Amino acid sequence: SSDEESGEEYLFKIVIIGDSAVGKSNLLSRYARNEFNPHSKATIGVEFQTQSLEIDGKEVKAQIWDTAGQERFRAVTSAYYRGAFGALLVYDISRRTTFESIPRWLDELKTHSDSTVARMLVGNKCDLENIRDVSVEEGKSLAESEGLFFMETSALDSTNVITAFEMVIREIYYNVS
Ligand code: GDP
Ligand code: MG
């Protein structure tokens with residue numbers, strides 16, 4: 001292909017961070033494999049999944065990293081963040097404490113990565129409207145004040161999952177190309 005001839009290749013590392021049980025692993029499995037697991041345990045073994053997307057006629061690959069449950073012990077290491085071009089900061093709209101943790105995750109991200117990282121705040125489990133604990137406005141407002149993209153998603157019913165990942169991937173692509 002012309003990509004190969006010109007030597008152009010796009011592979012971007014993206015990390016998913018946020019408190020335990022907010023749905024990080026299910027967002028990734030929904031995006032990469034269109035799968036949802038209602039009883040998912042802490043991720044074992046899988047470090048990342050790769051998903052391709054065509055932008056401007058070019059193949060762009062996203063290598064999306066999931067924690068192996070280290071976040072429960074606040075032990076996500078700098079190796080996890082190394083080389084990341086994008087990050088999804090995830091909370092659970094039905095658990096306020098997970099939203100209150102976002103500033104800490106943002107600090108950690110800032111410590112371990114470049115300031116140019118494309119960042120999106122993700123309020124997951126928006127299917128749980130009946131037990132919502134964080135309003136859409138609060139999410140938007142935090143995102144605005146920190147300069148993040150914002151989206152509410154549901155890994156369960158697929159709402160905005162593809163859109164959220166693709167917005168981050170496109171943003172990275174336009175930043176580097
Ligand atoms: P992680 O610890 O952040 O990786 O979270 P998991 O992906 O393991 O999900 C934790 C729990 O929340 C599991 O029981 C999932 O089935 C559930 N879950 C994940 N995403 C959603 C969602 O969008 N809606 C609902 N209702 N449950 C979800
Ligand atoms: Mg997980």
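Let's begin in the middle of things. Keep in mind that this is a predicted model. The largest nonpolar core has 46 residues, and the ones touching the most other members are Ile14, Val15, Ile16, Leu88, Leu89 and Val168. Select those six.

Next stop: helix H2. The buried run goes Lys24, Ser25, Asn26, Leu27, Leu28, Ser29, Arg30 and Tyr31. To see what covers these residues, show strands S1 (10-17), S2 (48-55), S3 (58-65), S4 (84-92) and S5 (118-124), along with helix H7, which are all included in the cover. Just after H2, have a peek at Asn34, which takes a positive phi of about 55°.

How many residues surround ligand 1? There are 17, and the closest are Gly23, Lys24, Ser25, Asn26 and Leu156. If you colour the shell by class, you'll get six nonpolar, eight polar and three charged residues.

Time to bring in a partner helix. Select residues 161-176, which make up H7. Two packed helices are described by the angle between their axes and the distance between the axes. For H2 and H7, the angle is about 90° and the axes are 9 Å apart, so H2 is roughly perpendicular to H7. Zoom in on the contact: Leu27, Arg30 and Tyr31 come from H2, while Val161, Ile162 and Phe165 come from H7. Colour these by class too, and you'll see five nonpolar residues, no polar ones and one charged.

Last stop, still on H7: click on Met167, which lies in this helix. Why does Met167 count as partly exposed? Because 18 other C-beta atoms lie within 10 Å, and a residue needs 20 or more to be buried, or 12 or fewer to be exposed. Leaving aside neighbours within four places in sequence, Met167 is in contact with Met120 and Phe149. To finish, draw a line from Met167 to Trp105: they sit 62 residues apart in sequence and 20 Å apart in space, C-alpha to C-alpha.

Conventions. Residues are numbered from 1 along each chain as its sequence is written. Chains are lettered from A and ligands numbered from 1 in the order in which they are written. This is a predicted model: local features need pLDDT of at least 70, side-chain atom pairs count only at pLDDT 80 or more; totals for chains, interfaces and linings use all residues. A residue is near a molecule or strand if its C-beta atom, placed from the backbone, lies within 6 Å of it. Ala, Val, Leu, Ile, Met, Phe, Trp, Tyr, Cys and Pro count as nonpolar, Asp, Glu, Lys and Arg as charged, and the others, Gly among them, as polar. Axes are lines fitted to C-alpha atoms, for helices over the stretch in contact, and angles run from 0 to 180 degrees between N-to-C directions. Helices (H or I, at least four residues) and strands (E, at least two) are DSSP runs, numbered from the N terminus. Angles under 35 degrees count as roughly parallel, over 145 as roughly antiparallel, 65 to 115 as roughly perpendicular and the rest as oblique. Two residues are in contact if their C-beta atoms, placed from the backbone, lie within 7 Å. A nonpolar core is a set of buried Ala, Val, Leu, Ile, Met, Phe, Trp, Tyr and Cys residues joined through C-beta atoms within 7 Å.
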